[in-house]
Amino acid sequence: MEGCIFCRIAAKEVQSKIAYEDEEVVAFHDINPQAPVHVLIVPRKHIPTLNDAGEEDQALLGKMMLVAQKLAKELGVADSGYRLVLNTNRGAGQSIFHIHLHLLGGRLFHWPPG
Ligand code: 5GP
Ligand code: ZN
């Protein structure tokens with residue numbers, strides 16, 4: 001989608017530190033990391049929020065989880081622990097309206113989240 005920063009990153013029109021990519025998904029390091037490991041797993045398809053995903057996106061959403069698992073292993077946080085976050089709409093902290101799964105690891109996380 002024109003003007004969407006994550007579409008532009010996926011298309012490599014905007015530079016990022018890419019951690020993984022395939023034909024459906026791209027993952028890159030967050031520009032403002034909230035933990036030693038902070039990667040965003042993003043579908044190439046522009047879906048604004050999780051509310052906009054449909055049955056046809058089931059496999060894609062599942063793939064995002066498996067990419068997160070693979071990256072957690074590669075980045076050395078699979079055993080120590082990691083958190084996956086998918087903020088939906090402004091009240092939950094979503095600021096970029098192209099869905100993305102945050103993979104956070106490398107430090108202790110508290111519950112409940114802030
Ligand atoms: P949200 O608040 O929507 O859940 O998360 C958006 C995330 O995208 C934030 O953690 C923010 O730091 C990150 N972000 C925003 N713009 C860019 C960018 O241009 N490059 C990268 N690598 N991360 C970005
Ligand atoms: Zn987009």
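Me: Where is Asn 89 placed, and what makes Asn 89 partly exposed?

Reply: Asn 89 sits in the loop between strand 4 (82-85) and strand 5; strands are DSSP runs of E, at least two residues, and helices are runs of H or I, at least four residues, numbered from the N terminus. Its relative accessible area is 33%. Buried means under 20%, exposed over 50% and partly exposed in between (1.4 Å probe, protein chains only), so Asn 89 counts as partly exposed. Its phi is near 75 degrees, a positive value in a residue other than glycine.

This is a predicted model, in which local features need pLDDT of at least 70 and side-chain atom pairs count only at pLDDT 80 or more, while totals for chains, interfaces and linings use all residues. Residues are numbered from 1 along each chain as its sequence is written, chains are lettered from A and ligands numbered from 1 in the order in which they are written, and side-chain values use heavy atoms, with hydrogens and water left out.

Me: Why is Lys 12 called exposed?

Reply: Lys 12 has a relative accessible area of 51%, so it is exposed. It lies in the loop between helix 1 and strand 1 (18-21), and its phi, near 60 degrees, is positive too.

Me: Why does Cys 4 count as buried, and why does His 46 count as partly exposed?

Reply: Cys 4 has 7% relative accessibility, so it counts as buried. His 46 has 22%, so it counts as partly exposed.

Me: What makes a set of residues a nonpolar core?

Reply: The residues are buried Ala, Val, Leu, Ile, Met, Phe, Trp, Tyr and Cys, joined through side-chain atoms within 4.5 Å. The largest such core here has 17 residues, of which Ile 41, Leu 71 and Leu 103 touch the most other members. Helix 2 gives the most to this core, with 6 residues.
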